[in-house]
Amino acid sequence: MADGGPVEHGFPHLETVRAAVTALYRRLSYDTVRQFATSVPPADVAFCDADDLHLGAQRVARELVRHFRLPDARMIVAFRGMEHAANVELTAGPEYFVELNDRFRGHRRDIGAALAHEIMHVYLHRLDLSFPGTRDNEILTDTATTYLGAGWLLLDAYREDGASSQKLGYLTPEEFGYVLAKRSLAFGEDPSVWFTSAQAYAAYGRGLERARRDERVPPLTAAGWAGRRRYARERRQAQGHGLGRGSAGGGGGGCAGDVPYAFAADAGGSLRVMFPCPTCHQRIRVPVQGRVRARCGLCRTVLECDT
């Protein structure tokens, strides 16, 4: 929680975020992810100063438990002074004890954001899905909260001006915007209408721009002229180096290290190109033979390619 301190910006955790999206699809399956196509609505998690603090927090927690389909998880919410925004005790259940920072007594509209992150910890715990290390695991939690329909609350809790700042979660505002944009492009839902923070709206716009770039890289047909020209040059180099021997980011097979695709030969000696799915980021492998329509086996996205 950044409370008055500096807020990190940009996309420093992008690779971990993408790995988290892939892990969600692999662990949950396409059909289960699609069950979260509708985000938690603002009315269900609204919290005003006139509400009783503890009863209101319990009500919001119940709504989030229902959204994440955790019918057996009863949340007990308490408040105390602590360094972090919140904490949850991950036991066998059926009750889970969530502690919120005392500052939320005076910032009640952000209670839903803090609870969403902690309840996602419970959800991932029950799935037995985690990343090694505290930092990466918290990024997984933020990403899952956002992609499964409650992370707009975390981005909306971001506020910053010349005198003060506030941000919840481990992702930067732009990274929250990126995951929200990924969700929006996959499910056709626009979260921007729910933002009460102007800074959150701007961060979502930057994240959306970055997410759309994922859909405009070769060998996808939506790639721009410059990307297509570079791809053609590197394809010729791969063919001239024995059909390519590289891997993503490694620069082999004629590919520079900053491109997401790589060329390699299959068992029969034919050239193939590997690239990440723009929706779930699983690696896709297709033959280099001109126009190809590929379907991601993980998220079922149909991709128009010109290889």
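**Legends to views of a predicted protein chain**

**View 1. V259 as a buried residue.** With a relative accessibility of 8%, V259 falls below the 20% cut-off and therefore counts as buried in this model, which is predicted. V259 belongs to the loop that runs between helix α9, spanning residues 225–240, and strand β7, spanning residues 262–265.

**View 2. V259 together with F275.** The C-alpha atoms of V259 and F275 lie 9.2 Å apart in space, while 16 residues separate the two positions along the sequence. Of this pair, V259 is the residue placed in the loop between α9 and β7.

**View 3. The fold of the protein chain.** Nine helices and eleven strands make up the secondary structure of the protein chain. Its radius of gyration is 21 Å, close to the 19 Å that the globule rule gives for 307 residues, so the chain is as compact as a globular protein of that length. Taken along the principal axes, the box filled by the C-alpha atoms has dimensions of roughly 70 × 45 × 35 Å.

**View 4. Interior and contacts.** Of the 307 residues in the protein chain, 52% are buried, and V259 counts among the buried residues. When contacts between residues at least 6 apart in sequence are considered, 58% of them join residues that are at least 24 apart.

Note on methods:
Residues are numbered from 1 along each chain as its sequence is written. This is a predicted model: local features need pLDDT of at least 70, side-chain atom pairs count only at pLDDT 80 or more; totals for chains, interfaces and linings use all residues. Side-chain values use heavy atoms; hydrogens and water are left out. Helices (H or I, at least four residues) and strands (E, at least two) are DSSP runs, numbered from the N terminus. The radius of gyration is taken over C-alpha atoms; the globule rule is 2.2 Å times the number of residues to the power 0.38. Buried means under 20% relative accessible area, exposed over 50%, partly exposed in between (1.4 Å probe, protein chains only). Contact means heavy atoms within 4.5 Å.
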